[in-house]
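Please look at the sequence and the model first.

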Number of protein chains: 2
Amino acid sequence: MKSANNPNLQDIATAAGVSTATVSRVLNSPSDVRPALRERVEEQIRKLGYVRHGAARALASSKSHTVGAVIPTLESAIFATGVNAIENRLVRDHFTLLLAVTNYDLDHEFKQVQALIERGVDGMILVGQDHHPDTIRLLERQRCPFITTWTYSASSKYPCVGFDNFNASRMMAEHMLDLGHTRFAMIAGITAGNDRARERIDGVKNALQLRGLDLAQDRLIEKAYEVREGRDAFRTLMASTPAVRPTAILCGNDVLAVGAILEAQHLGLNVPKDVSIVGFDDLPLAEHLAPGLTTVHVPSRRMGETAAQYILDCIAGTLGESKFELPTKVMIRGSSAKPPAP
Amino acid sequence: MKSANNPNLQDIATAAGVSTATVSRVLNSPSDVRPALRERVEEQIRKLGYVRHGAARALASSKSHTVGAVIPTLESAIFATGVNAIENRLVRDHFTLLLAVTNYDLDHEFKQVQALIERGVDGMILVGQDHHPDTIRLLERQRCPFITTWTYSASSKYPCVGFDNFNASRMMAEHMLDLGHTRFAMIAGITAGNDRARERIDGVKNALQLRGLDLAQDRLIEKAYEVREGRDAFRTLMASTPAVRPTAILCGNDVLAVGAILEAQHLGLNVPKDVSIVGFDDLPLAEHLAPGLTTVHVPSRRMGETAAQYILDCIAGTLGESKFELPTKVMIRGSSAKPPAP
DNA sequence: TTGTATGCGTTATCAT
DNA sequence: ATGATAACGCATACAA
């Protein structure tokens with residue numbers, strides 16, 4: 001049973017004629033051991049094909065060299081990009097990523113966070129500020145460093161890296177108001193358990209209110225993150241007579257916006273002549289569409305990098321800032337223009 | 001130092017007036033312990049906020065309840081979807097996913113696999129059949145169950161779930177040949193460290209050869225997985241006079257194909273009247289484009305599910321098949337048609 | 001610089 | 001059904 005298994009520290013120690021402590025040192029602080037010995041040990045490590053036993057290391061040192069990320073879904077390109085960035089940053093420091101998905105369910109998020117904590121992650125990255133109270137309680141009780149992403153507010157109680165969804169969305173709406181639009185509609189993402197989607201809606205409503213306009217109930221449609229859904233919503237919104245239907249369609253994300261643009265094409269409507277359509281996220285595709293999609297650029301990659309960096313800093317004990325506001329920008333492209341003359 | 005920390009089995013045992021063994025049992029095989037006792041223990045578990053210590057569990061049981069996935073990148077929607085499916089399947093069995101990214105570098109892949117093994121994963125999911133020999137050697141030496149995805153071949157030496165890229169690509173090319181095309185070009189994905197991209201090229205070449213055609217050197221362009229790259233390649237291919245330029249553009253993936261279609265639009269070319277464009281992957285976007293993108297449907301989700309299921313079966317010791325060929329299908333849509341009359 | 005010895009929190013074996 | 005206890009493989013405080 002033992003001989004069949006993989007070598008452990010003891011085996012290496014014996015083979016090299018040293019103590020386990022020495023082997024441990026050449027593995028973890030090589031400079032502490034005399035070159036001659038070190039080489040002898042390293043040779044045995046190679047020869048016997050030794051691989052570290054993470055569980056034992058974690059148990060003895062209470063460090064797993066592992067970070068958890070809990071995101072709504074990977075089906076969303078922005079989260080996929082963010083996670084990719086997190087992984088790339090972590091691997092540079094020889095940390096490994098544990099990934100869990102919530103499907104926008106805050107109860108499930110709690111379970112996932114608990115599962116990752118049980119796996120011993122040294123830190124955790126979450127999305128948004130909307131969480132089950134137990135989630136935060138658990139994290140704090142376990143003294144597990146964590147940071148929230150994709151949202152930023154100066155008054156946040158937790159470390160966070162992101163941007164102000166409300167404000168960015170408001171600016172997008174203002175851009176459309178400045179172009180002269182007065183009849184607005186919004187195709188928003190699903191708001192349940194999603195503070196980003198909610199804030200984007202609120203931003204639009206706020207901008208309209210300040211100009212004495214509002215978003216009628218039937219001009220706000222919540223749709224799942226799919227091109228098909230964007231198309232359906234757009235068709236619904238365009239069903240009324242040209243004299244009263246919206247001239248500006250604000251979408252909660254680019255996938256819905258792409259759906260809207262494509263449906264416009266299918267309906268024979270000209271964008272932006274007949275109707276302006278804008279999105280949010282700035283997917284790689286956005287700039288290449290014809291017309292180009294006016295949207296809000298979201299720094300997914302930098303958010304991932306920054307979040308990972310912050311957690312690594314926490315773990316290393318080199319703590320600095322704990323709130324990072326990243327810049328967003330309204331990318332003005334061909335899909336938005338002045339409303340058609342009445 | 002101890003009091004500040006979280007409770008462990010011993011603490012629960014003491015509080016409930018039982019032994020650690022009993023607590024362990026109510027956690028792992030509740031039916032083995034009398035209901036009265038069980039409840040007393042469970043109450044303390046709740047009250048003290050006990051959370052299991054994964055490292056200690058893994059050390060004692062040599063099971064981490066963890067599976068690793070090593071993929072080229074998450075920036076590719078198909079891999080993101082696949083990983084999402086893997087996670088969804090794993091979580092149902094209370095397994096956690098360790099995710100590592102290779103950036104299409106087989107040396108880096110080896111390091112990532114080693115890192116995951118050191119973290120004690122109970123199984124591993126890889127992409128493609130192209131691997132550093134050490135990668136496979138390590139996996140086998142550690143008796144770590146693994147499966148390769150995204151490719152299938154009956155003669156594969158390893159467990160695999162996927163489809164025959166060569167064949168699917170060949171069928172796509174044959175469809176275009178059947179439509180009457182004779183002047184072909186291909187915008188392929190980068191082939192370095194990517195057997196899928198290579199097989200897709202070979203499939204096209206093979207189909208052409210069988211009809212006495214070939215793919216001239218300057219009609220095969222390798223491009224990175226980006227819309228921009230697809231656009232550039234398409235422009236290059238269309239640079240010759242209409243009389244000799246290709247009438248059928250075969251793309252190694254949908255992202256490149258979307259780039260090609262959009263560039264055609266920008267150039268004022270009609271797809272498919274002036275030129276046919278086809279892709280590979282069947283991204284959600286493909287069917288919604290105007291014209292719809294003719295492409296090969298790839299079952300990313302089912303691949304992820306199947307791979308995860310296979311690994312879970314290995315771990316549970318309930319072994320069945322180890323090779324899974326999944327169906328692909330040529331999705332014929334508006335972007336492909338007969339070549340223009342000469 | 002190197003070795004010795006202890007403990008990390010579980011699981012699992014063996015008694016009872 | 002329950003308890004006592006020996007591993008599990010390593011890091012680390014301490015001794016030399």
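**Protein and DNA in a predicted model**

Q: How do the residues of the surface near DNA strand C divide by class?
A: The model is a predicted one. Tyr counts among the nonpolar residues and Arg among the charged ones. On that basis, the surface near DNA strand C divides into 11 nonpolar, seven polar and five charged residues.

Q: Which residues come nearest to DNA strand C?
A: DNA strand C has 23 residues around it. The nearest residues are A:T22, A:R25, A:R34, B:S24 and B:Y50.

Q: Which residue has a polar backbone atom 2.4 Å from a phosphate oxygen of DNA strand D?
A: Side chains also approach phosphate oxygens of DNA strand D: a polar atom of B:R34 lies at 2.5 Å, and one of A:R57 lies at 3.2 Å. The contact at 2.4 Å is made by a polar backbone atom, and the residue is A:L9.

Q: Which elements each supply at least two residues of the surface near DNA strand D?
A: This surface has 11 nonpolar, eight polar and five charged residues. Both protein chains contribute to it: the elements are α2 and α4 of chain A together with α2 and α4 of chain B.

Q: How are helix α2 and helix α3 of chain B oriented where their axes cross?
A: The axes of α2 (residues 20-28) and α3 (residues 35-48) of chain B come within 10 Å and cross at roughly 90°. Angles of 65 to 115 degrees count as roughly perpendicular. Therefore α2(B) is, relative to α3(B), roughly perpendicular.

Q: Which residues of α2(B) meet α3(B)?
A: On the α3(B) side, the residues are B:L37, B:R38, B:V41, B:E42 and B:I45. Those of α2(B) are B:T22, B:V23, B:V26 and B:L27.

Q: Is B:V244 buried, partly exposed or exposed?
A: B:V244 sits in the loop between α10 (227-237) and β8 (248-251) of chain B. Beyond its neighbours within four places in sequence, B:V244 is in contact with B:R183 and B:R219. Because its relative accessibility is 42%, B:V244 counts as partly exposed.

Technical notes. Residues numbered from 1 in each chain as written. Chains lettered and ligands numbered in written order. Predicted model: local features only at pLDDT ≥ 70, side-chain atom pairs only at ≥ 80, totals over all residues. Heavy atoms only, no water. Axes fitted to C-alpha atoms, helices over the stretch in contact; angles between N-to-C directions. Helix = DSSP H or I, 4+ residues; strand = E, 2+ residues; numbered from the N terminus. Parallel < 35°, antiparallel > 145°, perpendicular 65-115°, else oblique. Contact = heavy atoms within 4.5 Å. Buried < 20%, exposed > 50% of the residue type's maximum accessible area, 1.4 Å probe, protein only. Near = heavy atom within 4 Å. Polar contact = N/O pair within 3.5 Å; in protein donor to acceptor, adjacent residues only side chain to side chain.
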